[in-house]
Amino acid sequence: MTRLSVTPLIHPTASVTASTAGRYTEIAERCTVSESELGDYSYMMRECEVWAAKIGKFVNIASHVRIN
């Protein structure tokens, strides 16, 4: 079982480009994140698409959500 840590947890099938992720964050499988920021303690579930967004701390994003 993988545990969250100071280093962001990014699933191998996720695509993250030109983005930053804070401490204790998770980006789940098949997510696409581009030109965005993910604040500390936030996570996104499967197959999310995020482009040009600033997501704050303690944000939980359900699967199949598209944000831009």
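Start by selecting Asp 40. With a relative accessible area of 14%, Asp 40 is buried, since anything under 20% counts as such. Bear in mind as you click around that this is a predicted model.

Asp 40 and Arg 23 form a salt bridge, and their closest N and O atoms are 3.5 Å apart. Arg 23 is partly exposed, at 38% relative accessibility. Where do Asp 40 and Arg 23 lie? Asp 40 is in the loop between E6 and E7, while Arg 23 is in the loop between E3 and E4, so the pair ties together parts that are 17 residues apart in sequence.

Pick Arg 30 and Glu 47 next. Their side chains meet in a salt bridge, 2.9 Å from N to O. This pair links distant parts of the chain: look for Arg 30 in the loop between E4 and strand E5 (32-34), and for Glu 47 in the loop between E7 and strand E8 (49-51), 17 residues apart. Arg 30 is partly exposed at 45% relative accessibility, and Glu 47 is partly exposed too, at 30%.

Then go to Glu 49 and Arg 66, where the side chains meet in a salt bridge of 3.1 Å, N to O. Here the linked parts are strand E8, which holds Glu 49, and strand E11 (residues 66-67), which holds Arg 66; the two residues are 17 apart. Glu 49 counts as partly exposed at 36% relative accessibility, whereas Arg 66, at 63%, counts as exposed.

**The aromatic rings**

Clear the selection and show the rings. The structure holds two aromatic pairs. For one of them, select Tyr 24 and Tyr 41: the ring centres are 5.4 Å apart and the planes meet at 5°, so this pair is stacked. Tyr 24 sits in the loop between strand E3 (20-21) and strand E4 (26-27), and Tyr 41 sits in the loop between strand E6 (37-38) and strand E7 (43-44), so the pair ties together parts that are 17 residues apart in sequence.

Tyr 41 and Phe 58 form a stacked aromatic pair, 5.0 Å centre to centre with 5° between the planes. This pair also links distant parts of the chain: Tyr 41 is in the loop between E6 and E7, and Phe 58 is in the loop between strand E9 (54-55) and strand E10 (60-61), 17 residues apart. Phe 58 counts as exposed, at 58% relative accessibility.

Select Tyr 24, Tyr 41 and Phe 58 together and you have one aromatic cluster.

Go back to the cartoon and colour E1, E4, E7 and E10. What is the order of the strands in this open sheet? The four strands run E1-E4-E7-E10, with parallel pairing. E1 and E10 stand at the edges, each with a single partner strand, so one side of each is left without a neighbour in the sheet.

Zoom in on E1 and E4. The two pair in the parallel sense over two bridges. Leu 9 stands opposite Glu 26 in E4.

For the last stop, click Ile 10, which is found in strand E1 (residues 9-10). Buried or exposed, or something in between? Ile 10 is partly exposed, with a relative accessible area of 37%. Show what lies around Ile 10: leaving aside neighbours within four places in sequence, Ile 10 is in contact with Val 16 and Ile 27. To finish, draw a C-alpha to C-alpha distance from Ile 10 to Ala 21; the two are eleven residues apart in sequence and 9.3 Å apart in space.

Key:
Residues numbered from 1 in each chain as written. Predicted model: local features only at pLDDT ≥ 70, side-chain atom pairs only at ≥ 80, totals over all residues. Heavy atoms only, no water. Phe/Tyr/Trp six-rings, centres within 6.5 Å; stacked < 30°, edge-to-face > 60°. Buried < 20%, exposed > 50% of the residue type's maximum accessible area, 1.4 Å probe, protein only. Contact = heavy atoms within 4.5 Å. Pairing = 2+ DSSP bridges. Salt bridge = Lys/Arg side-chain N within 4 Å of Asp/Glu carboxyl O.
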